[in-house]
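User: Hello! I would like to learn how to read an interface in a structure. Could you walk me through it?

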Amino acid sequence: MKPEQSLPIRCDFCGACVAVCPVDAIQLDEAHWRLFAERCTQCEACVMVCPMNALEMKHEEPV
Amino acid sequence: MKNQYDIVVVGAGPAGAMAAHAAAQTGARVLLLEKDRQAGIPVRCAEGVGEGSFRKVFPQVPESWICQRITKAVIHAPSGAELPIASRHTGLLLDRKRFDFDLAHRAVQAGAELFVKANVHGMHIDKAKGAQVQVRWLDREVTVTAQVVIGADGVESRVGRWGGLKTVTPLRDLDACAQVLAGPVDLAMDTCHFYFSEHVTPGGYAWIFPKGDGLANIGLGVSGDRCADARPYAQLQAFLHQHFPGIRQLSATCGGVPCCAPMKKIVSDRLMLAGDAAHQVNPLTGGGIVNALIAGRLAGKIAGQAVQENDCSAERLREYEKTWQQTEGVRQARAFRLKQAMFSLNDERLNILADTVLNLPFEKRTIINIFKYALLKKPSLIWDAVKVFT
């Protein structure tokens with residue numbers, strides 16, 4: 001997976017994605033959304049729960 | 001910002017501000033940290049509280065906190081049937097912007113040091129030496145040492161995780177919500193509305209809470225694991241289009257609400273959690289303001305006493321956890337069981353339920369009777385309903 005580190009433009013900084021992330025891979029402050037890709041397990045809970053549909057996960061082809 | 005305090009409170013919402021206030025009153029040196037630019041902004045809340053339970057915390061409610069008094073409630077079935085509820089209970093629509101700000105101000109007046117735009121991005125707890133909190137404040141990096149940390153950092157609580165507590169919300173129990181403040185609404189301002197439908201809001205409901213002046217908080221929540229087919233923000237726009245064509249949206253917000261069973265552990269060495277961070281929310285309604293106030297006040301007081309006694313171990317702080325679990329925690333567990341039963345009803349069952357209750361005389365259309373008819377096949381839960389709603 002290629003981590004999308006940039007700020008998703010529809011993001012409302014509500015924290016729902018952080019709340020459901022089982023591995024604490026998402027960090028949020030007043031104006032920054034950050035994914036720690038090395039921790040991400042691609043469970044997609046954050047993608048699922050986002051009220052704004054702001055997140056998308058791009059899976060890489062398995063090597 | 002100094003480098004040493006007795007108690008650091010992370011998050012200046014209702015739980016954090018109450019905790020900071022209660023802790024400062026014990027004479028402790030208290031630091032209250034808020035990542036946003038002001039306590040109370042942005043508002044991520046439908047702003048409704050039960051008047052009775054709110055007045056138990058604040059017997060004299062300042063008028064400036066109240067936008068609207070609610071005396072009636074109507075439940076809308078999927079069929080469109082309207083079910084006015086008979087209830088003696090009244091509700092208050094708060095001005096959370098003002099309310100949160102005043103609570104933070106109150107904490108400051110009691111001696112707490114508040115810093116806004118202060119983002120806590122790390123924490124390390126040494127059982128013997130103290131807790132170290134990493135704060136990014138403006139362009140500065142500050143390491144603060146404290147005897148006790150109170151995590152009131154909301155649904156996304158990372159403070160709890162750093163302290164080894166299980167704060168992750170199960171996906172199905174996180175209600176993803178979207179809300180707008182919108183108007184003009186041609187509705188009675190003293191009546192709130194709840195819409196239930198498995199298709200529109202699977203695992204949740206839609207609400208209209210009038211805020212006075214022809215404005216209302218209109219929002220909805222969807223169970224986290226059902227969002228893929230019912231994205232809250234899009235569902236809300238469709239809901240508005242259907243029920244209020246041409247309405248103007250003055251503000252929009254999103255958020256996650258932990259509608260879970262009570263958390264088993266909300267303290268560890270030198271650490272306590274309060275409010276949404278500790279999942280202290282009524283899982284049936286998603287309401288959490290009063291819980292946060294009670295929990296924050298209790299946590300702050302016990303943290304202050306622990307500091308005075310120079311014993312900030314998990315064993316000492318567990319007084320908070322125990323007191324909470326034996327009081328509000330019991331109610332939360334009951335409400336969670338009810339939530340699981342109620343939100344498993346499909347639209348057909350909900351419509352039948354509404355028709356049954358509509359056939360009762362008005363004074364019998366109480367919340368408890370609704371649950372009684374909904375739970376005919378699960379009579380053990382009826383007692384839970386009685387305990388939760390009386």
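Analyst: Gladly! Contact here means heavy atoms within 4.5 Å. This is a predicted model, and in it 31 residues of chain B are in contact with 24 residues of chain A.

User: How much area is buried between chain B and chain A?

Analyst: The size of an interface is often given as the accessible area lost when the parts come together. For chain B and chain A that is about 2200 Å², with carbon and sulfur atoms giving 52%. On the chain B side, B:Arg158, B:Arg161 and B:Arg231 supply 27% of the buried area, more than any other three residues.

User: How many salt bridges does the rule find across the interface of chain B and chain A?

Analyst: Three. In a salt bridge, the side chains of B:Arg158 and A:Asp24 meet at 3.2 Å, N to O.

User: Which element of chain B gives the largest share of the side that touches chain A?

Analyst: Strand 16 of chain B does, with five residues. By class, that side of chain B has 13 nonpolar, seven polar and eleven charged residues.

User: What about domain 2 and domain 3 of chain B, how much area is buried there?

Analyst: About 1300 Å² is buried between them, and carbon and sulfur atoms give 69% of that area. In domain 2, B:Pro78, B:Leu83 and B:Ala86 lose the most area to domain 3, together 35% of what that side buries. Across this domain interface the rule finds zero salt bridges and four residue pairs in polar contact, both at pLDDT 80 or more.

Terms used. Residues numbered from 1 in each chain as written. Chains lettered and ligands numbered in written order. Predicted model: local features only at pLDDT ≥ 70, side-chain atom pairs only at ≥ 80, totals over all residues. Heavy atoms only, no water. Buried area = accessible area lost by both parts, 1.4 Å probe. Salt bridge = Lys/Arg side-chain N within 4 Å of Asp/Glu carboxyl O. Helix = DSSP H or I, 4+ residues; strand = E, 2+ residues; numbered from the N terminus. Nonpolar A, V, L, I, M, F, W, Y, C, P; charged D, E, K, R; others polar. Polar contact = N/O pair within 3.5 Å; in protein donor to acceptor, adjacent residues only side chain to side chain.
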